[in-house]
Amino acid sequence: MRARVGVDLVYIPRFRTALSKIIDKAFSPRELKNSEAGHLAGIFAAKEAAMKALSLKAGSWLNIEIANKKSGKPIVKLAKNLGKGKIVSCDLSISHDGDYAMAVFVALVE
């Protein structure tokens, strides 16, 4: 088994400017329930971090959904065609500070 790590950092003011161009390509209807730019920047960072860790094709945003457990902890839901059987375990963390949102995704894969 191998640990795979992905990290992404988003500058929210720049993201806010580009948001209208990617909103339909990057976010599911459930993710858009809170459409505040800072919140979506965190989700976008999480998707980018997961894509990096799992070596997914750039722009595979709709194959990844970011949800939350009842506790509020973010989780990653992958489309069935992404070989979920190879992932033994994974974890996601999203953080915001001022004009930045970042995410770290770690997966243990076979």
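**A note on Ile22 and the fold around it**

1. Leaving aside residues up to four places away in sequence, Ile22 touches Phe15 and Phe44. Please keep in mind as you look around that this is a predicted model.

2. Where does Ile22 sit? You will find Ile22 in helix α1, which covers residues 12-26. Is Ile22 buried or exposed? Its relative accessible area is 17%, and buried means under 20%, so Ile22 counts as buried.

3. Next, step back to the whole chain. How many helices and strands does the protein chain have? There are two helices and five strands. In sequence order, the pattern reads β-α-α-β-β-β-β. The radius of gyration of the protein chain is 13 Å, close to the 13 Å that the globule rule gives for 110 residues, so the chain is as compact as a globular protein of that length.

4. Taken along the principal axes, the box filled by the C-alpha atoms of the protein chain is roughly 40 × 25 × 25 Å. Of the 110 residues in the protein chain, 39% are buried. The accessible surface of the chain is about 6700 Å², and carbon and sulfur atoms account for 53% of that surface.

5. Strand β2, residues 64-68, deserves a visit of its own. Why can we call β2 largely enclosed by the rest of the structure? Four of its five residues are buried, so the rest of the structure largely encloses this strand.

6. Which strand is joined to β2 by five bridges? The partner is strand β3, residues 74-78, and the two strands run antiparallel. As an example of how they line up, Ile64 stands opposite Leu78 in β3. Together β2 and β3 make a hairpin, with five residues between the strands. Have a look at Gly72 in that turn, where phi is positive, at about 100 degrees.

Notes. Residues are numbered from 1 along each chain as its sequence is written. This is a predicted model: local features need pLDDT of at least 70, side-chain atom pairs count only at pLDDT 80 or more; totals for chains, interfaces and linings use all residues. Side-chain values use heavy atoms; hydrogens and water are left out. The radius of gyration is taken over C-alpha atoms; the globule rule is 2.2 Å times the number of residues to the power 0.38. Buried means under 20% relative accessible area, exposed over 50%, partly exposed in between (1.4 Å probe, protein chains only). Accessible areas come from the Shrake-Rupley method with a 1.4 Å probe; for residues, only the protein chains shown count as cover. Two strands pair if DSSP finds at least two bridges between them. Contact means heavy atoms within 4.5 Å.
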